[in-house]
Amino acid sequence: MTKSDLLYFVLLGIGISASSAAGAEVKSVVREFETRPSISVRAIVTTPEKPIGQVILLPGGGGDIGLSPSGQIAAPQMADNFTVRTRSMYADAGFTTIVLDTALDVINLMRSKDAVEKNRADVLAVAATLR
């Protein structure tokens with residue numbers, strides 16, 4: 001995945017509105033997105049009271065945050081990942097934030113072309129769900 005592909009995915013999820021969400025209450029839930037046949041991707045979804053758009057956040061490295069159904073991040077190095085750590089800042093600004101975990105079928109293949117294509121398909125499927 002090139003940097004321009006990554007930027008595309010991030011910008012794809014951003015919606016702009018004239019409303020403001022300053023001081024709004026936010027809540028987080030864990031959600032499963034079905035992205036490919038027999039494959040789902042778990043995500044932390046943080047939603048402000050009055051969202052003005054969405055942003056999909058992709059953790060760096062392999063992207064595997066080890067997200068449990070209860071919302072626990074099992075990968076210790078990812079709990080302090082910049083993308084994971086700052087998701088509430090986007091929500092505070094009024095954006096619904098989606099921090100995607102990596103699908104189980106690509107965790108150990110992240111550097112392969114096949115894994116990149118599968119990951120790309122997962123992100124596009126999540127973005128399509130949000131429209």
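Modeller: Buried means under 20% relative accessible area, exposed over 50%, and partly exposed in between (1.4 Å probe, protein chains only). This is a predicted model: local features need pLDDT of at least 70, side-chain atom pairs count only at pLDDT 80 or more, and totals for chains, interfaces and linings use all residues. Residues are numbered from 1 along each chain as its sequence is written, and side-chain values use heavy atoms, leaving out hydrogens and water.

Colleague: Good. What about R42, buried, partly exposed or exposed?

Modeller: R42 is partly exposed, at a relative accessible area of 23%.

Colleague: And which residue does R42 form a salt bridge with?

Modeller: That would be E32, with the closest N and O atoms 2.6 Å apart. A salt bridge here is a side-chain nitrogen of Lys or Arg within 4 Å of a carboxyl oxygen of Asp or Glu. E32 sits in strand β1 and R42 in strand β2, so this pair ties together parts 10 residues apart in sequence. E32 is partly exposed too, with 39% relative accessibility.

Colleague: How many salt bridges does the structure hold?

Modeller: Four. Another one joins the side chains of R36 and D105, at 2.8 Å from N to O. R36 belongs to strand β1 and D105 to the loop between β4 and α5, so the link spans 69 residues in sequence.

Colleague: Is R36 buried or exposed?

Modeller: R36 counts as buried, at 16% relative accessibility.

Colleague: Which other residue forms a salt bridge with D105?

Modeller: K118 does, and there the closest N and O atoms are 3.6 Å apart. K118 is in helix α5, 13 residues from D105 in the chain, and at 23% relative accessibility K118 is partly exposed. Through shared partners, salt bridges join R36, D105, K118 and D122 into one network.

Colleague: Switching to the sheet: what is the strand order?

Modeller: The order is β1-β2-β4-β3, in an open sheet of four strands with mixed pairing. β1 (26–36) and β3 (53–57) stand at the edges with a single partner strand each, so one side of each has no neighbour in the sheet. Strands (E, at least two residues) and helices (H or I, at least four) are DSSP runs, numbered from the N terminus.

Colleague: In which sense do β3 and β4 pair?

Modeller: Parallel, over five bridges, with β4 covering residues 95–100. Two strands pair if DSSP finds at least two bridges between them.

Colleague: How many residues has the largest nonpolar core?

Modeller: It has 14, and F33, A43, I98, L100 and V126 have the most contacts inside it. β2, β4 and α5 each supply at least two of the core's residues. A nonpolar core is a set of buried Ala, Val, Leu, Ile, Met, Phe, Trp, Tyr and Cys residues joined through side-chain atoms within 4.5 Å. There is also a second, separate core of 11 residues, including I52, I65, A75 and V84.

Colleague: Last one, S38: where is its place?

Modeller: S38 is in the loop between β1 and β2. Its phi is positive, about 65°, although S38 is not a glycine. S38 is also exposed, with a relative accessible area of 80%.
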